[in-house]
Amino acid sequence: MAKPVLIINGHDYAAYVESLELSRNDLDAEGSGRDVQTGEMFRTRIAVKLKAEVKLLRLQQPIMAQLAADISAAFYNATVVDPATGTQVTKNFYTSTVPFGAQRYNRETGAPYYDGVSFSMTER
């Protein structure tokens, strides 16, 4: 199995990916829907956007801080593998909610780390 690709603002997070689930989201024009008399569906697709559900492995504090900075901008660039083409694509995304997971501490060193970090990336 190929290693996932997850590069955000030039920082490579692939080594920390537990799962990366991609989906296609269609945006329809206003007025798309079903004809109430015939039940026939009609639509005008105006755009196709990529969405990624990201779950990460344990992150040490410096990596968590970098990731938090990378995804806290209103919009950011990220590179993933497009499942339709099998090629790497860089798109502009946003993230609105970030569960930072459980903050824990190494008993020997006292250094913090994070378990269960996950977030969604939605193409702009």
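**Reading contacts and strands**

Modeller: Start with Thr-79. Beyond the residues up to four places away in sequence, Thr-79 touches Val-5, Leu-6, Ile-7, Gln-88, Val-89 and Thr-90. Contact here means heavy atoms within 4.5 Å. This is a predicted model: local features need pLDDT of at least 70, side-chain atom pairs count only at pLDDT 80 or more, and totals for chains, interfaces and linings use all residues. Residues are numbered from 1 along each chain as its sequence is written, and side-chain values use heavy atoms, with hydrogens and water left out.

Colleague: Which side chain makes a polar contact with that of Thr-79?

Modeller: A polar contact is a pair of N or O atoms within 3.5 Å; within protein, one must be able to donate a hydrogen and the other to accept it, and residues adjacent in sequence count only if both atoms are side-chain atoms. Here the partner is Thr-90, at 2.6 Å.

Colleague: Is Thr-79 buried or exposed?

Modeller: Buried means under 20% relative accessible area, exposed over 50%, partly exposed in between (1.4 Å probe, protein chains only). Thr-79 has 10%, so it counts as buried.

Colleague: Which strand holds Thr-79?

Modeller: Helices (H or I, at least four residues) and strands (E, at least two) are DSSP runs, numbered from the N terminus. Thr-79 sits in strand 8, residues 76-81.

Colleague: What is the strand order in the open sheet?

Modeller: Two strands pair if DSSP finds at least two bridges between them. The open sheet has seven strands in the order 2-1-8-9-12-6-3, and the pairing is antiparallel. Strand 1 (residues 7-8) runs antiparallel to strand 8, with two bridges. Ile-8 has Ala-78 of strand 8 as its bridge partner.

Colleague: Which strands pair with strand 11?

Modeller: Strand 7 (residues 59-60) pairs antiparallel with strand 11 (residues 112-115) over two bridges. Strand 10 (residues 102-105) also pairs antiparallel with strand 11, over four bridges. Look at Tyr-114 in strand 11. Tyr-114 is the bridge partner of Leu-59 and of Gln-103. Strands 10 and 11 form a hairpin with six residues between the strands, where Gly-110 takes a positive phi near 80°.

Colleague: Where is Asp-70, and what does it touch?

Modeller: Asp-70 lies in helix 1, residues 61-71. Apart from neighbours within four places in sequence, Asp-70 contacts Ile-8, Asn-9, His-11, Tyr-13 and Tyr-76. Its relative accessible area is 5%, so Asp-70 is buried.
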